[in-house]
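This report describes selected local features of one protein model.

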Amino acid sequence: MGSKSDAARLKAQQLKAEQQRKEKRTRMMIYSVVGALVLATVLAVAWVLLRPTSQEPTASPSAADSPVSFVVSADGVGKVKDGSVLVREFFDYSCHACADVDVILGEKLTEGIDAGRISVEFIPVDVVNMEWHPVAAQAASVVYDQDPQHFLQFHHALMQYFSDQFRQQNPDVIKNTEASVQQVKTLAEGVGVPGEVVAKLGADIPPAFLLTNTEYWKNLAASGREGLATPEFVVNDTSIRIRQEDVADPVSRFEEVAKTGK
């Protein structure tokens with residue numbers, strides 16, 4: 001009887017220790033992402049200062065200047081659901097902060113989309129612009145247009161792959177255009193994109209819309225913006241930085257900003 005009791009206590013202790021290790025890893029990942037966002041802000045501001053800039057914007061760009069973007073909602077790809085909060089995410093597929101945030105928040109945002117609480121407009125822009133970025137952006141646009149049912153899963157797969165490679169400090173693919181094309185095709189096949197669509201990935205790189213999107217983003221009048229950095233979430237022309245306390249429930253944060261403007 002004693003041996004069974006001891007074994008049960010030992011098993012319970014092992015389970016508790018494993019849970020504590022998982023919680024510690026989660027906290028460290030959150031701290032890492034928050035730190036990466038701060039670093040990304042510094043780097044992006046430096047990038048903006050080094051590039052030729054247009055006149056300071058006085059208003060948001062007109063509808064005619066709208067960027068090429070990928071909209072996803074409970075009503076389907078390409079549609080904004082009535083009554084939902086529209087969240088615009090400006091990002092770079094080779095921005096490690098963008099990728100890490102997507103890895104951590106992607107599931108929660110997808111749940112918010114499925115519940116009809118938010119619609120998300122993904123807008124790729126040039127910030128880091130590693131070789132992986134234009135390849136991934138072109139591929140995302142093709143899948144969005146020709147196989148929309150797999151777009152969101154494909155988008156998350158692109159982000160997950162870059163996050164993994166960056167954390168492993170492995171540049172072999174993400175710093176090589178040809179290798180990036182092959183890997184993007186592999187990821188597309190892995191999420192179920194049909195072969196005839198996969199065959200179209202990797203053409204016309206870099207896609208012209210990245211330049212247009214970047215100019216749109218730079219000239220967007222968004223309150224609360226402290227320099228330019230990705231990822232940037234915008235709700236009703238209010239720029240939102242993801243804070244540590246938002247990680248548990250980002251959708252509620254977006255809904256609050258939609259109501260109060262802050």
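In this predicted model, the second largest cavity is lined by Glu-89, Asp-102, Gly-106, Leu-109, Thr-110, Ile-113, Val-120, Phe-122, Leu-152 and His-156. Helix 2 gives the most, with five residues. Sorted by class, the lining of this cavity has five nonpolar, three polar and two charged residues. The volume of the second largest cavity is about 30 Å³. A search of the whole structure for cavities of 30 Å³ or more finds two.

**Helix packing**

Two packed helices are described by the angle between their axes and the distance between the axes. The table gives these values for two pairs, along with the hand of each crossing.

| Helix pair | Angle between axes | Distance between axes | Crossing |
|---|---|---|---|
| Helix 2 and helix 4 | about 150° | 8 Å | left-handed |
| Helix 3 and helix 4 | about 165° | 9 Å | right-handed |

On the helix 2 side, the contact is made by His-96, Cys-98, Ala-99, Asp-100, Asp-102, Val-103, Gly-106, Thr-110 and Ile-113. These meet Leu-152, His-155, His-156, Met-159, Gln-160, Phe-162, Ser-163, Phe-166 and Arg-167 in helix 4. The residues of this contact divide into eight nonpolar, seven polar and three charged. Some residues of the contact also belong to the lining of the second largest cavity, among them Asp-102, Gly-106, Leu-152 and His-156.

Helix 4 also packs with helix 3 (residues 132–146), at an angle of about 165°. Helix 3 and helix 4 are therefore roughly antiparallel to each other. From helix 3, the contact includes Trp-132, Ala-136, Ala-139, Ala-140, Val-143 and Tyr-144. From helix 4, Phe-151, Phe-154, Leu-158, Tyr-161 and Phe-162 take part. How many residues of each class does the contact of helix 3 with helix 4 have? By class, there are 11 nonpolar, no polar and no charged residues. Phe-162 of helix 4 is in the contact with helix 2 and in the contact with helix 3.

**Backbone details**

Which residues does a cis peptide bond join in this part of the chain, by Pro-206? Ile-205 and Pro-206 are joined by such a bond, with omega about 0°. Pro-206 lies in the loop between helix 6 (195–198) and helix 7 (209–218). Asp-204 is placed in the loop between helix 6 and helix 7 as well. Its phi is near 55°, a positive value in a residue other than glycine.

Thr-230 and Pro-231 are also joined by a cis peptide bond, with omega about 0°. Pro-231 is found in the loop between helix 7 and strand 5 (232–235).

Terms used. Residues are numbered from 1 along each chain as its sequence is written. This is a predicted model: local features need pLDDT of at least 70, side-chain atom pairs count only at pLDDT 80 or more; totals for chains, interfaces and linings use all residues. Side-chain values use heavy atoms; hydrogens and water are left out. On a 1 Å grid over the protein atoms alone, a cavity is a set of points where a 1.4 Å probe fits but cannot get out, and a pocket is an open set with protein on both sides within 12 Å along at least five of seven lines; lining residues have an atom within 4 Å of a point. Grid points are joined across faces, edges and corners, and a volume is the space filled by probe spheres set on the points. Helices (H or I, at least four residues) and strands (E, at least two) are DSSP runs, numbered from the N terminus. Ala, Val, Leu, Ile, Met, Phe, Trp, Tyr, Cys and Pro count as nonpolar, Asp, Glu, Lys and Arg as charged, and the others, Gly among them, as polar. Axes are lines fitted to C-alpha atoms, for helices over the stretch in contact, and angles run from 0 to 180 degrees between N-to-C directions. A crossing is left-handed if the near helix is turned anticlockwise from the far one by less than a right angle, and right-handed if clockwise. Contact means heavy atoms within 4.5 Å. Angles under 35 degrees count as roughly parallel, over 145 as roughly antiparallel, 65 to 115 as roughly perpendicular and the rest as oblique.
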